[in-house]
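Please examine the protein model shown below.

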Amino acid sequence: MLYSIHVTRILVFVLISLASNLIHASHRTKNISYISASSTVKADPERHLLDVYAPNRKPQTPLPVVVFIHGGNWDSGSKNIYWFIGRRLAKQGFIAVIINYRLSPNVMVPAMANDCAHAVQWTSQHIGEYGGDPNRIYVMGHSAGGGLAALLATENELFTGIGMAKNPVKGAILDDPAGINMYDYLLKMEYPDDKKYLAPFGKDPAGWKAASPLFKVRAGLPPMLLYTGERTYPSIISGTKAFHEKLQSVGVKTQYRELPGKKHVPMVTQLFWKRNIIYRDLLALVNGKL
């Protein structure tokens, strides 16, 4: 028992020390509203906010940008939980944008994706003020956030519909993404509590398909990095593999990795560590070495 307490104290000390190093390497500008006054969307004082993380040292040239979208089953989650991803990305030479978006049951997935598109639009317009390159914006997400990031990468109408000339997303990093193929998932209704997903996805099968990135795959999409945990939910593994195969079939550059032994939550908590494989692949992608 004493040994266990001692080890726990050491681990806590190490984590606090690591966190301190991350904080001193970057600075955060928090709670920026990303809905403009001219938007037809009414700004939510909590859910339409984002934080920007930038290295303390001013870059000589604009840095690549990663917009991170949190998970939470489409009905929970907050940007405030994922500060460590913002700090870690900033320390590795990125400008990180960690966002909130509206949640179920107040809105459904199309409105969530629209929120995320507005956040990317804000990033494209303002990230230069923080040292970022508006021409190198990547989207990244875990779980439900991974599915939303996939929609941003595959659905140009999300951006043209809010007045942008084109989709600014240059690549997507999908970490154990949920919702890649909600059409087949909801048709089957295999599990006792699957009806809860009718709140974010609705009751119309046509809507399920419209909100599923698998059915939006076509030639010319940006490159994508896909990851699942070996011990995550079966639907996430099958959906991600099918997405990868379909992307490959039309010539989109894509890489898929199944990480040994990982469950769903550890797939995102692993991003605390600098040498995580996802960060290494991201650096390769941005540097054109994928």
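Is Asn 31 buried, partly exposed or exposed? Asn 31 is partly exposed, at a relative accessible area of 42%; buried means under 20% relative accessible area, exposed over 50%, and partly exposed in between, with a 1.4 Å probe and protein chains only. This is a predicted model, in which local features need pLDDT of at least 70, side-chain atom pairs count only at pLDDT 80 or more, and totals for chains, interfaces and linings use all residues. Residues are numbered from 1 along each chain as its sequence is written, and side-chain values use heavy atoms, with hydrogens and water left out.

Asn 31 lies in strand β1; strands (E, at least two residues) and helices (H or I, at least four) are DSSP runs numbered from the N terminus. Although Asn 31 is not a glycine, its phi is positive, about 60°. Strand β1 (residues 26–33) also holds Ser 26, which is buried at 4% relative accessibility.

Ser 143, in strand β5 (residues 132–143), has a positive phi of about 60° and is not a glycine either. Ser 143 is buried, with a relative accessible area of 8%.

Beyond its neighbours within four places in sequence, Leu 148 is in contact (heavy atoms within 4.5 Å) with residues including Tyr 101 and Met 112.
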